[in-house]
Amino acid sequence: MELALAIELDGSQNSVGVADRSGKVLDSESVAADRGGMVDLTDLIPALDRLRTRSGRWEGEPVVCGISVGEGPSLLRRDPEAPSAAQALGQTLAAHLGVPVIVDDVGRAFALGEGWVGAAKGTPNFASIRIDDVVSGGIVLDGRLLDGG
């Protein structure tokens, strides 16, 4: 069975998880952040490794990892010449995990989830709005998540 690792980096609420193709979360755990809301690799990588080890319970292997990045200064930039801290983290984790790692902001990740297993499942055109500490979201047209700001 193909599994996906998921990482949510959202300040004080940081977590890692593993899900199956249907979107069912099979396992998860919280990852502590420092006072500035940052997660240290020395905490994140062991948490991911524990999930990978436990993924054998479901007779599956993670084939991809997604990182949802909350709002914050310099966490995510779309400039390929100057990767953000989150994009650099994605590159580091891809090397460690040996699977593709996709990094995106929380609003766009929310939209992808809604189209995959949520209210917009099977709908080729939709907008998704997430209201939390900030308002964010994503627009999907013809089944493709739009990019741009």
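Read along the sequence, the protein follows the pattern β-β-β-α-β-α-β-α-β-β-β, with three helices and eight strands. Helices (H or I, at least four residues) and strands (E, at least two) are DSSP runs, numbered from the N terminus. This is a predicted model, in which local features need pLDDT of at least 70 and side-chain atom pairs count only at pLDDT 80 or more, while totals for chains, interfaces and linings use all residues. Residues are numbered from 1 along each chain as its sequence is written, and side-chain values use heavy atoms, with hydrogens and water left out.

- Strands of a sheet pair through backbone hydrogen bonds, either parallel or antiparallel.
- Five strands form an open sheet with mixed pairing, in the order 3-2-1-4-5; two strands pair if DSSP finds at least two bridges between them.
- Strand 3 and strand 5 are the edge strands of this sheet, each pairing on one side only.
- Strand 4 and strand 5 run parallel and are joined by five bridges, and valine 69 stands opposite aspartate 105 in strand 5.
- Helix 2 (residues 85-97) lies across strand 1, strand 4 and strand 5, running at about 160 degrees to strand 5.
- Such angles run from 0 to 180 degrees between N-to-C directions, and the axes are lines fitted to C-alpha atoms, for helices over the stretch in contact; contact means heavy atoms within 4.5 Å.

- An open sheet of three strands has antiparallel pairing and the order 6-7-8.
- Its edge strands are strand 6 (126-131) and strand 8 (144-145), each of which pairs on one side only.
- Strand 7 (residues 135-141) pairs with strand 8 over two bridges in the antiparallel sense; here valine 140 stands opposite leucine 145.
- Helix 3 lies across strand 6, strand 7 and strand 8, at about 125 degrees to strand 6.

**The largest pocket**

- A pocket is an open set of points on a 1 Å grid over the protein atoms alone, where a 1.4 Å probe fits, with protein on both sides within 12 Å along at least five of seven lines; lining residues have an atom within 4 Å of a point.
- The largest pocket is lined by 35 residues, of which Leu5, Ala6, Gly66, Ala109 and Trp116 lie nearest its centre.
- Helix 3 gives the largest share of this lining, eight residues.

**Burial**

- Of the 149 residues of the protein, 35% count as buried, meaning under 20% relative accessible area (1.4 Å probe, protein chains only).

Key
Buried means under 20% relative accessible area, exposed over 50%, partly exposed in between (1.4 Å probe, protein chains only).
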